[in-house]
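This report goes through selected features of a structure, from single residues to the contact between chains. The structure comes first.

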2 protein chains.
Amino acid sequence: MEKPRLLQGFRDYLPHAMRRRRFVIEQASAIYERYGFEPLDTPALEYADLLTGKYGEDEKLIYQFEDRGGRKVALRYDLTVPLARVATTYPDLPNPFKRYQAGPVWRADSPQRGRFREFMQCDADTVGTESPLADAEMICMIADICDALGLAGQYEIRLSHRGVFSALLASLGISGEKATVTMRLIDKLAKLGQKETRAALQQTIDAKTVSQLFEILNMPGDESLLNHLTEQLASQKSGQEAVSNLAEIYALCQRCDPVIDLSIVRGLEYYTGIVYEVILKNDAAVGSIAAGGRYDSLMHDLAGTVMPAVGISLGVDRLIAALPASADDQGDIVVVAVFAGYEKEAFDLSEELRRAGINAALAFGSPKIGKQLQYADAIGARSVVLYGENEAAKGIILVRDMKTGTQTEITKEPSDELIAALQKLLH
Amino acid sequence: MEKPRLLQGFRDYLPHAMRRRRFVIEQASAIYERYGFEPLDTPALEYADLLTGKYGEDEKLIYQFEDRGGRKVALRYDLTVPLARVATTYPDLPNPFKRYQAGPVWRADSPQRGRFREFMQCDADTVGTESPLADAEMICMIADICDALGLAGQYEIRLSHRGVFSALLASLGISGEKATVTMRLIDKLAKLGQKETRAALQQTIDAKTVSQLFEILNMPGDESLLNHLTEQLASQKSGQEAVSNLAEIYALCQRCDPVIDLSIVRGLEYYTGIVYEVILKNDAAVGSIAAGGRYDSLMHDLAGTVMPAVGISLGVDRLIAALPASADDQGDIVVVAVFAGYEKEAFDLSEELRRAGINAALAFGSPKIGKQLQYADAIGARSVVLYGENEAAKGIILVRDMKTGTQTEITKEPSDELIAALQKLLH
């Protein structure tokens, strides 16, 4: 018989990884709820035509097939398109609709460099308002999530604005196709470096203009840049509005120490206003651990109705990798050893512990106590409770500390004293 | 433009349903952890050949397709087959391996009577031991889960045993093909009723034997039945072992008030020992809200290595339906109204509340306060905080109780007094 194999490009989350993943999603969900976002789930499968025509050349990455009923179906590629479907399907949703959703998405990408064909997203989006308060709270949420994950001080939030950047390019005489080429190249700035990006830009734009552009891109990303942009775009109405929108959002989320970085392009096809990403300061190579922005046209294109929207998506796997080693929601667990002839006593003892709120696993795998201690090690138990012939004769239980090997005797009766003594020992 | 549609046979979980689903899964996960079970997740997609040949005629319900790389893949049909793959793939798993897993499975069933093509399972399984303690703790876990879900007193746990039932049939002279036919018919007893089942049985077995069988099936499912079976199967070694196994498990989980009901057949193809199901006493028509049993051969068939296993699967959607209306993990939420000209104040106020641990949603959807109150209603908020020109002049915030319409003034400064007064008002 051939050994069953995991599908290429996919992965299992074994208990340790699973606990870290759950920690990230639970912390993020709690913060999203703190801001009044509500949970949503949508199916893994959608009609294929909902997804096609939305992702440009990445469309080839969609898992599509025909089901037995002849329906063309596809595994969801992200959580945004299903959100658009939901937002147009149910007339009684709150307005604005603030929802979060955590779940896997599927992309038939080449499985390399830690890239998987199934990965978790954990998004929050606000649909139905253009208010800059909605944009600003996205940024506050992501800061709160990073803090909750133990990353305070280690991350940086970078803001850009599609409208500001377009207006800036226009003010430098870069428009139409040239503007698109410029944005594409600036999008790769972090990867290519300034020298190479400037050289590439000069194939489309004159050297002087490129220098002017980089002068602005290299300015410190604070108030002074906003002031400079206000002057530079004084003659453009849409540019002025965009800068004022960026300035308002920037001011609202000052406590998150955002940095304005106009070189952030991302999602050229769909972002229309603010764009943001969060990176790890000492490990920018990891890429962004969260990103998002305002996309006022995407929902319209998808759903045919005007639906301004702003959202954020967490890089769940990158966040898991960035977590402190201690970030694991595993509670303490006690293993109850099972001595031959004392099975029922072990079973009842474990029930007694659980009733007192202690996580307790019975070690019934092997009659050998040595194997049972191995089991306790394997599941990361801190203590093992032993109760066999010797202990029964003495009316005690023996508690073995798995780290030190120390064994402590606790009188078995009455139950409340046993529990109190055990809890004292565990804490 | 055509309106995007939900795929036929699938469903969205909108916030209310999603909260109930999450409540069920979180409660179940906490209980599973209490017993030392560890979390696991596996991909939605597997190689198709892992799944085929496992489900008999239900195999046609598997979603299978060829991916772009020419691999034959399938959406998982249950969580048991992926568990078997995991159990044989990683040599360093604890032994026994006690894991739980919650996630969707996919079956291309005809979408009728509330049956969906994607539904949640929440399973716990112990792989690698034949110990009856492992069986008994499954039963205790499911009782604890039902209790945690607020169903105490409303459910009944029914136990059967494949070995006992086979031996019983053999003792009545029913064996081979006749035994299989009998089991299939008894499996439908709850649906067909006794009269019809007996009539159908008499086409294969003589009337006297059918009567003898029903005499035993109709006995009260307690100690007395176990005593009767011990006598009836005295001459069969395997029958004796099976009864003693059933009696041991029955005794261990006495606190769960199990009822022995030999008419429970379920999963004829894979259960080998104890079999159990949990039903709602006053709504048996709902079907079982949880079920499981011991399956010592399935893992061997799947993985080629001996792996005794016992498990339980929750009927997540049936449990959601059975939940008390109040069972919803939505915390209280406060909506902060946004008055024109007081946007920043509303933003800062909502941040102040969140820092104090209060869930607070900004109502930035519409400048009209009436619409904002509608929003508060739509998300189930209990109170709305209002702060506009009048309130600013008086140095207060106004807290509106959404149920009674009562409005209470709270002095805005200092912050700690505002928070204390608000928390008092909320609780």
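## A loop aspartate in chain B

B:Asp222 has a relative accessible area of 31% and therefore counts as partly exposed. The model is a predicted one. This aspartate sits in the loop of chain B that runs between α9 (207–217) and α10 (223–232).

The side chain of B:Asp222 is in polar contact with the side chain of B:Ser224, at 2.5 Å. With residues up to four places away in sequence left out, B:Asp222 touches B:Tyr250 and B:Ile260. B:Arg266 is 44 residues from B:Asp222 in sequence, and the C-alpha atoms of the two are 21 Å apart in space.

## Backbone geometry

B:Arg266 has a phi near 50°, which is a positive value in a residue other than glycine. In chain B, the loop between β8 (259–260) and β9 (274–280) holds B:Arg266. With a relative accessible area of 26%, B:Arg266 is partly exposed. In chain A, phi of A:Arg266 is likewise positive, near 50°, and this residue is not glycine. A:Arg266 is in the loop between β8 (259–260) and β9 (274–280) of chain A, and its relative accessible area of 26% makes it partly exposed.

Two cis peptide bonds can be described here, one from A:Asn95 to A:Pro96 and one between B:Glu413 and B:Pro414. For the bond from A:Asn95 to A:Pro96, omega is near 5°; A:Pro96 belongs to the loop between α3 and β5 (97–106) of chain A. For the bond that joins B:Glu413 and B:Pro414, omega is about -10°. B:Pro414 is located in the loop between β16 (407–411) and α17 (415–426) of chain B.

## Helix α3

In chain B, helix α3 (residues 80–89) is mostly covered, with 9 of its 10 residues buried. The buried residues of α3(B) are B:Thr80, B:Val81, B:Pro82, B:Leu83, B:Ala84, B:Arg85, B:Val86, B:Ala87 and B:Thr88. Among the elements of chain B that cover them are β2 (45–47), α2 (48–51), β5 (97–106), β6 (118–127) and α12 (298–303).

In chain A, helix α3 (residues 80–89) contains A:Arg85. What is the relative accessible area of A:Arg85? The value is 0%, so A:Arg85 is buried. Apart from its neighbours within four places in sequence, A:Arg85 is in contact with residues of both chains: A:Thr42, A:Pro43, A:Glu46 and A:Leu50, together with B:Pro4, B:Arg5, B:Leu6 and B:Asp12.

## Cysteines

A:Cys256 counts as buried because its relative accessibility is 8%.

In chain B, the cysteine sulfur closest to that of B:Cys140 belongs to B:Cys256. The distance is 3.9 Å, which is too far for a bond, since a disulfide needs the two sulfur atoms within 2.5 Å. B:Cys140 is buried, with a relative accessible area of 0%.

## The contact between chains B and A

Chain B and chain A each bring 90 residues to the contact. Together they bury about 8300 Å², and 59% of this area is on carbon and sulfur atoms. B:Leu7, B:Arg34 and B:Phe364 supply 9% of the area that chain B buries against chain A, more than any other three residues.

Between chain B and chain A there are 12 salt bridges. One of the salt bridges pairs the side chains of B:Arg22 and A:Glu33, with an N to O distance of 3.1 Å. The polar contacts across the interface of chain B and chain A come to 34 residue pairs, counted where both residues have pLDDT 80 or more. On the side of chain B that touches chain A, helix α1 (residues 15–34) of chain B gives the largest share, 7 residues. By class, this side of chain B has 48 nonpolar, 15 polar and 27 charged residues.

Notes. Residues are numbered from 1 along each chain as its sequence is written. Chains are lettered from A and ligands numbered from 1 in the order in which they are written. This is a predicted model: local features need pLDDT of at least 70, side-chain atom pairs count only at pLDDT 80 or more; totals for chains, interfaces and linings use all residues. Side-chain values use heavy atoms; hydrogens and water are left out. Contact means heavy atoms within 4.5 Å. Buried area is the accessible area (1.4 Å probe) that two parts lose on being put together, summed over both. A salt bridge is a side-chain nitrogen of Lys or Arg within 4 Å of a carboxyl oxygen of Asp or Glu. A polar contact is a pair of N or O atoms within 3.5 Å; within protein, one must be able to donate a hydrogen and the other to accept it, and residues adjacent in sequence count only if both atoms are side-chain atoms. Helices (H or I, at least four residues) and strands (E, at least two) are DSSP runs, numbered from the N terminus. Ala, Val, Leu, Ile, Met, Phe, Trp, Tyr, Cys and Pro count as nonpolar, Asp, Glu, Lys and Arg as charged, and the others, Gly among them, as polar. Buried means under 20% relative accessible area, exposed over 50%, partly exposed in between (1.4 Å probe, protein chains only).
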